[in-house]
Amino acid sequence: MNTLTQKIVRLLWTAFIAGWAIIGILFILIATGVIGYMPPIEQLQNPIDKYASQLISSDGKVFGSYAHSGDNRIYTGYNEISPDLIKALIATEDVRFRSHSGIDSKGLFRAVVKRGILNQKSGGGGSTITQQLAKLLYSPRTETKVGRLFQKPIEWVIAVKLERFYTKEEIITMYLNYFDFLYNAVGIKSASYTYFGKQPSDLKIEEAAVLVGMCKNPAYYNPILHGEVERSRGRRNIVLEQMYKAKYITKQACDSLQKLPLVTSFHRITHRDGEAPYFRERLRQMLMAKKPERKNYFEWQVDQYRADSVAWENDPIYGWCNKNKKSDGSYYNIYTDGLKIYTTIDLKMQQYAEEAVEKQMKEVLQPIFDREKRGRSYAPFSRNISQDEQQKILSRAMRQSDRWREMKKAGISESNIRASFREKRKMQVWSWRGTIDTVMSPLDSIKYLKGILRTGFMAMSPHNGHIKAYVGGINFRNFQYDMVSQGRRQVGSTIKPFLYSLSMIEGISPCDEMLHVAQTLYTESGRPWTPKNAGARRVGEMVSIRWGLQNSSNWVTAYLMGRTSPYTFVRLLRSYGLNGYLDPSLSICLGTPDVSVQEMVSAYTAFVNKGIRVNPLPITRIEDQYGNVVAQFTPNMVEVLPADAAYKMLYMLKSVVEGGTGSRLKYRYNIKTDMGGKTGTTQNNSDGWFVGFTPSLVAGCWVGGEDRSVHFDSMSQGQGAASALPIFAEFLKRVYADPKLGYLMDERFEFPQNFQPCVMDYDAEIVNGGEVIEPLPDVE
């Protein structure tokens, strides 16, 4: 070998060694973070730290999640993923996944030759699943020019490191948990439900192939997004072909699966849709609540402040995330910690509650209300509301609207803003028949929405506090204000059983009698107070205490109020769980306080539970994403009444249903199980209430307008027996007709063997074919 040849050989070897040395130095610089971005070792050891928390019903079904900024990623373990899905992914994206260490040299060489040198588009890519995971996890950090230049080498280094820290199964699991399949479906669990309504373990081969096919380009191969299934079907068939080539399926199976149509079952995941949306939102508020701070609130806000303060101090669920810390010292976060929240809600009972609400509100009350107000200048308000008062209500509503705030922010004058509210324009408004395309002014749309009646309904177990059904309104997407927990309205005569129970504690018996005449009491300042008793019967006769509750007599109630003090009554109401503002005045006995549906339902559990009130329990336990129990919750119980007084109240409230203001439960709805309860109607029919119970369930319902000035003019429909009671009845009919729920129609209340509250008693008068019309409480 001559000297020139030797020099050339040495030069080539030097260049070869230098090239590899440069590559080696380059990778060392990348690995140490000198060039580009290299995630800290802590991130590589825990690259995915944000998972949505799941809500699980009492029967084990996932019915919602809490996601961070639309990132609805739910943790899914390797064993929870269909083997066919894993095989499809490996066959399509990285057939040598099991044998390489992060970089597939054969695939890389093929890609360089075919795509880089020969410019063949079908040459395939060189990225392994591990490299794709590295890109998914860390490529957003490499947006600088240097980062883009060295992106692939950086991905290779990260991929090799990931292979050192994780098994192949863990890498597959991370990849499928992290991939964004669009439509808020981040991760394989959300994607399986969104596109096929299934768990990842239940996917068929052809369904798994569709999702794996989307990994190449989730937008281009999306079977929903483009409305063009054939593109996604073609990609699915390529995946099936790859599975055949990798010997995961036979040729016959491949051919038969490729011939199948692509069938999806689309379930878009949003917080406003789905099952029990009001309940889900209430739990979110409770878990993430912060300690309330006193501010310069309006009166109703002070009311809510007090309730929130009591909840913070006494309810372990309220503010749980801000009271409890993880092992790393940080507080829990339902949006990122992948918690499993086991709730008490029963999805079948929830369905029955929503059906009962819709039947009464859509088919009965709203049509009657619309007919009553049709053609009247004051619609939808009461005929007793002055024009000035109507204008104040509408003006307040305008100022609270997004339109007003946006125009005000843009610097538009108030007079021009008001003028714009009177200009007609095309818009869509909600109705029970669906969204309506119409032309009206924004002001008219406000009046229209004011005229839609609202409701709140909740059912729970009186023995363990489990919330079984929770309907905070008529439509969460359009009316998100929760009338079960957030809303507070005057309770009317549903407060009367609490006063009667105080009398039972003080020694009065249901069979004690009084002269049924107007009662005059005196306030602390010496002013006389004589409540009205519209439609009073048996005037001047001796009536029993039991009869007074059956027929909701204000005179009997005032008689009992005269035997105690408003301050004593308020203390008892606190023990019943009424946490809002309570004015210790004489009229409180007729239902002047504003109370939530949830508080009323909880209060009535004492009558079924031998005097023990049970706080509503929405959650039984919380697990972290690995299945470790991090919190358990048990019912919070408070003794309100001695057992003897509770039995007397149970006896009297049972008689309300059997022959009093709640009697239509028996004669109209033909419900055979033992029941008790109380109707309530406030002044001018502004609020209709019914709180009732069986031996196994307590439920309450409120019906009314968004504003108290929106109500029925006629008492025949505005009273609680006609507006709220039917929702309770329809719910019970469905629950007790479903044998799978385990509620028996022959359930009976249990009384002590020697219990005899009244030997002689007057039966309630039955009028109007069995219906007793409840008198209006005097709440002036």
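**Entry 1. A cavity**

I began with the second largest cavity, which has a volume of about 60 Å³. A cavity is a set of points, on a 1 Å grid over the protein atoms alone, where a 1.4 Å probe fits but cannot get out. Its volume is the space filled by probe spheres set on the points, with grid points joined across faces, edges and corners.

The model I consulted is predicted: local features need pLDDT of at least 70, side-chain atom pairs count only at pLDDT 80 or more, and totals for chains, interfaces and linings use all residues. Residues are numbered from 1 along each chain as its sequence is written, and side-chain values use heavy atoms, with hydrogens and water left out.

I noted that the structure holds three cavities of 30 Å³ or more. Which residues lie nearest the centre of the second largest cavity? They are Leu 453, Asn 685, Val 703, Gly 704 and Phe 712, from a lining of 13 residues; a lining residue has an atom within 4 Å of a point. Strand S19 (687-693) and strand S20 (698-704) are the elements that give two or more residues to this lining. I sorted the lining of this cavity by class and found four nonpolar residues, eight polar and one charged. In this scheme Ala, Val, Leu, Ile, Met, Phe, Trp, Tyr, Cys and Pro count as nonpolar, Asp, Glu, Lys and Arg as charged, and the others, Gly among them, as polar.

**Entry 2. The sheet that holds S19 and S20**

I then followed S19 and S20 into their sheet, an open one of five strands in the order S7-S6-S20-S19-S18, with antiparallel pairing. Two strands pair if DSSP finds at least two bridges between them. The edge strands, each pairing on one side only, are strand S7 (467-471) and strand S18 (676-681). The twist from one strand to the next averages 5°.

I looked up the pair S18 and S19, which run antiparallel and are joined by six bridges. Gly 677 has Gly 692 in S19 as its bridge partner. Helix H29 (residues 725-737) lies across strand S6 (454-460), S7, S18, S19 and S20, and runs at about 40° to S6. Such angles run from 0 to 180 degrees between N-to-C directions, and the axes are lines fitted to C-alpha atoms, for helices over the stretch in contact; contact means heavy atoms within 4.5 Å.

**Entry 3. A second sheet**

I found another open sheet of five strands, in the order S2-S1-S3-S15-S16, with mixed pairing. Strand S2 (62-66) and strand S16 (629-632) are at its edges. Its neighbouring strands are turned by 20° against each other on average, direction ignored. Strand S1 (residues 53-56) and strand S3 (residues 340-343) run parallel and are joined by three bridges. Ile 56 has Tyr 342 in S3 as its bridge partner.

I recorded 29 helices and 20 strands for the protein. Helices (H or I, at least four residues) and strands (E, at least two) are DSSP runs, numbered from the N terminus. Of the 780 residues, 53% are buried, that is, under 20% relative accessible area with a 1.4 Å probe and protein chains only.

Why is helix H8 (residues 168-178) described as largely enclosed by the rest of the structure? It is so described because eight of its eleven residues are buried. Among the buried residues of H8 are Lys 168, Ile 171, Met 174 and Asn 177.

**Entry 4. The largest pocket**

I turned to the largest pocket, which contains about 2,200 Å³ of space. A pocket is an open set of points with protein on both sides within 12 Å along at least five of seven lines. Its lining has 50 residues, and the closest to its centre are Gln 400, Lys 450, Tyr 481, Glu 706 and Asp 707. Helix H19 (442-450) is one of the elements that supply at least two lining residues, and H19 gives the most, with five. By class, the lining of this pocket has 17 nonpolar, 16 polar and 17 charged residues.

**Entry 5. Backbone exceptions**

Most residues other than glycine have a negative phi, and most peptide bonds are trans. I noted a cis peptide bond between Ala 379 and Pro 380, with omega about 5°. Pro 380 lies in the loop between helix H15 (347-373) and H16.

Ala 276 has a positive phi, near 50°, and is buried, with a relative accessible area of 1%. Its place is in the loop between helix H12 (251-258) and helix H13 (277-287). Lys 610 has a positive phi, near 60°, and lies in the loop between helix H24 (597-608) and strand S14 (612-614).

Definitions and conventions: Buried means under 20% relative accessible area, exposed over 50%, partly exposed in between (1.4 Å probe, protein chains only).
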